[in-house]
Amino acid sequence: MSTQTFLLPDVGEGLTEAEIVSWRVSAGDTVAVNDVLVEIETAKSLVELPSPFAGTVGALLAAEGDTVNVGAAIITIADAAAAASVTIGQSEHGQPADAPDEEDGGSVLVGYGTGGAVQSRRRTVRQAHRPGAAAPERRVEASVGVVAKPPIRKLARDLGVDLGAVVPSGPAGEVTRDDVVKHASQASVFRNIETPAWSAVREETIPVAPAPATDAREETIAVKGVRKATASAMTSSAYTAPHVSVWVDVDASRTMELVKRLKTSADFADVKVSPLLIMARAVIWAVRRTPMVNAAWVDTDEGAQIRVRHYVNLGIAAATPRGLLVPNIKDAQDLNTRGLAKALEKLTLTAREGKTTPADQAGGTITITNIGVFGVDAGTPIINPGEVGIVALGAIRQKPWVVDGEVRPRWVTTVSGSFDHRVVDGDGVSRFIADIASVLEEPALLLD
């Protein structure tokens with residue numbers, strides 16, 4: 001009997017460890033090459049690992065919830081035969097990936113690149129077809145009258161959406177991703193908000209294991225995955241880059257009028273439009289006038305350098321079920337308004353599904369954080385490492401505003417931001433924020 005050991009691979013970005021999220025197989029299952037074995041969570045993304053072997057699962061060497069170092073054994077497969085020519089994944093540039101390498105009796109997947117996408121001929125391994133056994137589960141599941149693919153079901157669980165209450169729009173009557181997101185958005189608008197009662201417990205954190213019976217007053221949570229990566233990056237940024245923050249109140253009434261017109265335009269009928277779209281256009285426009293906010297501070301052997309980027313990889317801070325992620329839109333300066341709207345929608349939906357890849361988050365040049373969706377007016381955000389500036393869009397509310405000597409109700413917001421004072425001075429920071437405010441006050445400036 002031949003037994004192969006599968007070692008946790010580095011799926012890109014210099015991974016050192018990952019958490020076992022869920023096993024897709026169990027001991028005794030029969031697997032084919034490229035069947036998904038396990039879902040792992042790295043510091044930046046969720047990744048499905050396919051099998052480089054065909055055979056029978058022997059032992060799972062790590063439990064769900066365990067954090068495992070790269071190169072550690074995680075599963076054995078008996079009677080295993082490796083497929084030397086099988087494509088395991090794709091590189092960042094879309095080229096075929098390398099086949100699995102054997103090393104010290106184990107196998108490490110290589111060639112994922114930073115794309116993070118695993119191309120697999122996936123089937124349901126727990127119900128693998130054997131003589132006399134039931135046929136494998138279909139990719140599109142149907143239960144209690146609801147037809148939806150597994151990723152859509154997972155998205156619904158993450159967003160707290162009851163699939164039975166969602167109106168399907170798919171061609172075969174299935175629930176689509178847009179159906180789930182739309183339902184979640186509507187539910188959030190009409191949901192009754194009640195003030196919860198105070199708990200009898202003075203302090204509480206999210207447990208990763210049952211609290212000891214002798215002490216129910218405090219619980220602990222392990223710092224790992226996205227939270228660990230975020231904590232490390234923010235600490236490094238806060239103690240490396242001297243932050244300077246500025247903010248300004250803005251009459252965004254004309255921005256709100258433009259958003260309303262775009263929503264009724266046939267050209268934007270199939271894409272979501274929000275004030276964040278105009279904010280993104282404003283930031284790109286303002287970067288062109290103050291390019292130092294789009295630069296980077298670089299320490300080299302010859303001394304410190306300032307690297308000015310003449311392109312904009314626009315980061316959007318996204319609160320996801322996995323934590324805070326900052327994917328970015330590559331070369332956003334080349335997109336028109338519709339193209340930028342489509343890119344923002346794709347970025348948001350991908351982040352909500354937990355499918356943001358390391359490549360999506362690499363190479364950002366400046367970031368927007370939309371704190372207004374949480375009802376917050378302004379803030380002093382911490383700069384994303386490798387960048388010089390981060391801009392925050394506050395809540396847009398109707399407020400009294402003086403127009404031509406008269407007090408009128410207007411849609412008012414606050415634009416705030418933090419910047420690396422080593423790279424950009426107060427005048428540049430102020431000019432940049434003022435330019436963004438000017439566009440929000442008069443979006444027609446974008447026509448130049």
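Predicted model: local features only at pLDDT ≥ 70, side-chain atom pairs only at ≥ 80, totals over all residues.
Strand β4 (residues 36–41) and strand β5 run antiparallel and are joined by five bridges. In the model, 10 salt bridges are counted, and one cavity of 30 Å³ or more is found.

- Strand β5 covers residues 46–50, and five of its five residues are buried, so the strand is largely enclosed by the rest of the structure.
- The side chains of a regular strand alternate between the two faces of the sheet.
- In β5, L46, E48 and P50 point one way while V47 and L49 point the other way, and all of them are buried.
- One of these residues, E48, also takes part in a network of salt bridges that links it with R24 and E39.

**The hairpin of β21 and β22**

- Strands β21 and β22 pair in the antiparallel sense over seven bridges, and together they form a hairpin with two residues between them.
- In the turn of this hairpin, D404 has a positive phi of about 55 degrees.
- Across the pairing, R397 stands opposite V412 in β22.

**Salt bridges between single pairs**

- Side chains of opposite charge can pair when their charged atoms come close.
- R397 meets D377 in a salt bridge between their side chains, at 2.9 Å from N to O.
- This pair links distant parts of the chain, since R397 belongs to strand β21 (residues 397–403) and D377 to the loop between β19 (366–369) and β20 (389–393), with the two 20 residues apart.
- R397 counts as partly exposed at 32% relative accessibility, and D377 likewise counts as partly exposed, at 33%.
- The side chains of R422 and D420 also meet in a salt bridge, at 2.8 Å from N to O.
- In that pair R422 is partly exposed, with a relative accessible area of 27%, whereas D420 counts as buried at 2% relative accessibility.

**R289 and D435, a link between two helices**

- A salt bridge joins the side chains of R289 and D435, with 2.8 Å from N to O.
- The two residues are 146 residues apart and link distant parts of the chain, R289 lying in helix α5 (residues 275–289) and D435 in helix α8 (residues 426–441).
- R289 is partly exposed, with a relative accessible area of 48%.
- D435 has a relative accessible area of 7%, and it is buried because buried means under 20%.
- When its neighbours within four places in sequence are left aside, D435 is in contact with W285, A286, R289 and T290.

**Helix α4 and what covers it**

- Helix α4 runs over residues 253–263, and its buried residues are S253, T255, L258, V259 and L262.
- The cover over these buried residues of α4 includes strands β13 (243–251) and β22 (406–420), together with helices α5, α6 (337–352) and α8.

**Q305 in strand β15**

- Q305 is found in strand β15, which spans residues 303–308, and it counts as partly exposed at 38% relative accessibility.
- Apart from its neighbours within four places in sequence, Q305 is in contact with A296, W297, V298 and T300.
- Q305 and V423 are 118 residues apart in sequence, and their C-alpha atoms are 9.6 Å apart in space.

**The cavity**

- Rolling a probe the size of a water molecule over the atoms shows where empty space is left.
- The structure holds one cavity of 30 Å³ or more, and the largest cavity has a volume of about 30 Å³.
- The largest cavity is lined by P151, K154, L155, D158, E353 and K355.
- Sorted by class, this lining has two nonpolar residues, no polar residues and four charged residues.

Definitions and conventions: Residues numbered from 1 in each chain as written. Heavy atoms only, no water. Salt bridge = Lys/Arg side-chain N within 4 Å of Asp/Glu carboxyl O. Helix = DSSP H or I, 4+ residues; strand = E, 2+ residues; numbered from the N terminus. Buried < 20%, exposed > 50% of the residue type's maximum accessible area, 1.4 Å probe, protein only. Contact = heavy atoms within 4.5 Å. 1 Å grid on protein atoms, 1.4 Å probe; cavity = no way out; pocket = protein on both sides within 12 Å on 5 of 7 lines; lining within 4 Å. Points joined across faces, edges and corners; volume = space filled by probe spheres on them. Nonpolar A, V, L, I, M, F, W, Y, C, P; charged D, E, K, R; others polar. Pairing = 2+ DSSP bridges.
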